[in-house]
Amino acid sequence: MTYHLTVNGSDVALEVPGMRRLLDALREDLGLTGTKEGCGEGECGACSVVVDGRLVDSCLVPVCQVDGASVLTVEGLAPAGGLDALQHAFLETGGAQCGICTPGMLMAARAYLDEGGGTGHDEIREAIAGNLCRCTGYTKIIDAIAQAAAET
Ligand code: FES
Ligand code: FES
């Protein structure tokens with residue numbers, strides 16, 4: 001079976017079993033290894049991507065459920081050769097340390113900003129509640145998202 005998706009603005013056709021995880025299709029079939037696997041069980045958010053404007057855990061989503069959808073991964077955030085406002089802010093505040101959670105955090109933050117999210121730390125904390133970080137204590141991540149929200 002062939003599934004047709006738009007990934008980071010490009011049309012792609014995936015000839016895979018329908019129950020293949022979107023995470024595996026992105027990383028292994030399309031070579032988009034920016035999306036990370038942490039728990040593989042929907043608990044950590046490392047695999048977060050945006051599907052039709054909604055944040056999802058790609059480890060829980062079978063390809064058959066995203067046929068015809070538009071998928072945004074961390075590779076699609078930045079303009080060619082540059083960084084987007086969130087990536088800049090993470091860099092400036094120290095919001096990324098080991099980096100394993102960072103692609104998922106960026107995608108959660110992108111979904112939050114695209115929904116009109118503002119600079120409030122409580123609302124940001126809620127927006128990234130599904131994304132775990134073992135390194136930063138979250139404060140710098142929240143500062144980074146607030147900084148990007150203030151700039152947009
Ligand atoms: S790897 Fe998908 S939520 Fe942890
Ligand atoms: S920076 Fe290491 S898990 Fe978040």
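Asn131 touches Cys44, Gly45, Ser48, Leu55, Gly104, Met105, Ala108 and Tyr138, when residues up to four places away in sequence are not counted; contact means heavy atoms within 4.5 Å. This is a predicted model, in which local features need pLDDT of at least 70 and side-chain atom pairs count only at pLDDT 80 or more, while totals for chains, interfaces and linings use all residues. Residues are numbered from 1 along each chain as its sequence is written, chains are lettered from A and ligands numbered from 1 in the order in which they are written, and side-chain values use heavy atoms, with hydrogens and water left out.

Asn131 is found in the loop between helix H4 (121-127) and helix H5. Helices (H or I, at least four residues) and strands (E, at least two) are DSSP runs, numbered from the N terminus. With a relative accessible area of 3%, Asn131 is buried; buried means under 20% relative accessible area, exposed over 50%, and partly exposed in between (1.4 Å probe, protein chains only).

Met105 is one of the residues that Asn131 touches. Leaving aside neighbours within four places in sequence, Met105 is in contact with Phe90, Ile128, Asn131, Leu132, Cys133, Tyr138 and Ile141.

## Nonpolar cores

In soluble globular proteins, nonpolar side chains tend to be buried together. A nonpolar core is here a set of buried Ala, Val, Leu, Ile, Met, Phe, Trp, Tyr and Cys residues joined through side-chain atoms within 4.5 Å. The largest such core has 25 residues, and those with the most contacts inside it are Leu86, Phe90, Met105, Ile128, Ile141 and Ile145. Helices H2, H3 and H5 (139-151) each supply at least two residues of this core, and H3 gives the most, with eight residues. A second, separate core of 18 residues includes Tyr3, Val61, Ala69 and Val71.

Two packed helices are described by the angle between their axes and the distance between the axes. Axes are lines fitted to C-alpha atoms, for helices over the stretch in contact, and angles run from 0 to 180 degrees between N-to-C directions.

| Helix pair | Axes come within | Crossing angle |
|---|---|---|
| H2 (residues 85-93) and H3 (residues 102-114) | 10 Å | roughly 125° |
| H2 and H5 | 8 Å | roughly 135° |
| H3 and H5 | 11 Å | roughly 35° |

H2 and H3 are therefore oblique to each other. Angles under 35 degrees count as roughly parallel, over 145 as roughly antiparallel, 65 to 115 as roughly perpendicular and the rest as oblique. H2 passes H3 in a right-handed crossing; a crossing is left-handed if the near helix is turned anticlockwise from the far one by less than a right angle, and right-handed if clockwise. On the H2 side, Leu86, Gln87 and Phe90 meet Thr102, Met105, Leu106, Ala109, Arg110 and Leu113 of H3. By class, this contact has six nonpolar, two polar and one charged residues. Ala, Val, Leu, Ile, Met, Phe, Trp, Tyr, Cys and Pro count as nonpolar, Asp, Glu, Lys and Arg as charged, and the others, Gly among them, as polar.

With axes that cross at roughly 135°, H2 is oblique to H5. The crossing of H2 past H5 is right-handed. Ala85, Leu86, Ala89, Phe90, Glu92 and Thr93 in H2 meet Lys140, Ile141, Asp143, Ala144, Ile145, Gln147, Ala148 and Glu151 in H5. The contact of H2 with H5 has eight nonpolar, two polar and four charged residues.

Gln147, found in helix H5, touches Ala89, Glu92 and Thr93, not counting residues up to four places away in sequence. At 23% relative accessibility, Gln147 counts as partly exposed. The C-alpha atoms of Gln147 and Gln97, 50 residues apart along the chain, are separated by 18 Å.

H3 and H5 also form a right-handed crossing. Here Met105, Ala109, Tyr112 and Leu113 in H3 meet Ile141, Ile145, Ala148 and Ala149 in H5. The residues of this contact divide into eight nonpolar, no polar and no charged.

In helix H1 (residues 22-29), Leu22, Leu23, Asp24, Ala25 and Leu26 are buried. The buried residues of H1 pack against strands S1 (2-7), S2 (10-15), S3 (48-51) and S5 (70-72). Just after H1, Gly31 takes a positive phi of about 70°.

Pro62 lies in the loop between strand S4 (54-57) and S5, and is buried, with a relative accessible area of 9%. Leaving aside neighbours within four places in sequence, Pro62 is in contact with Gly18, Met19 and Arg20. The C-alpha atoms of Pro62 and Arg125, 63 residues apart along the chain, are separated by 28 Å.
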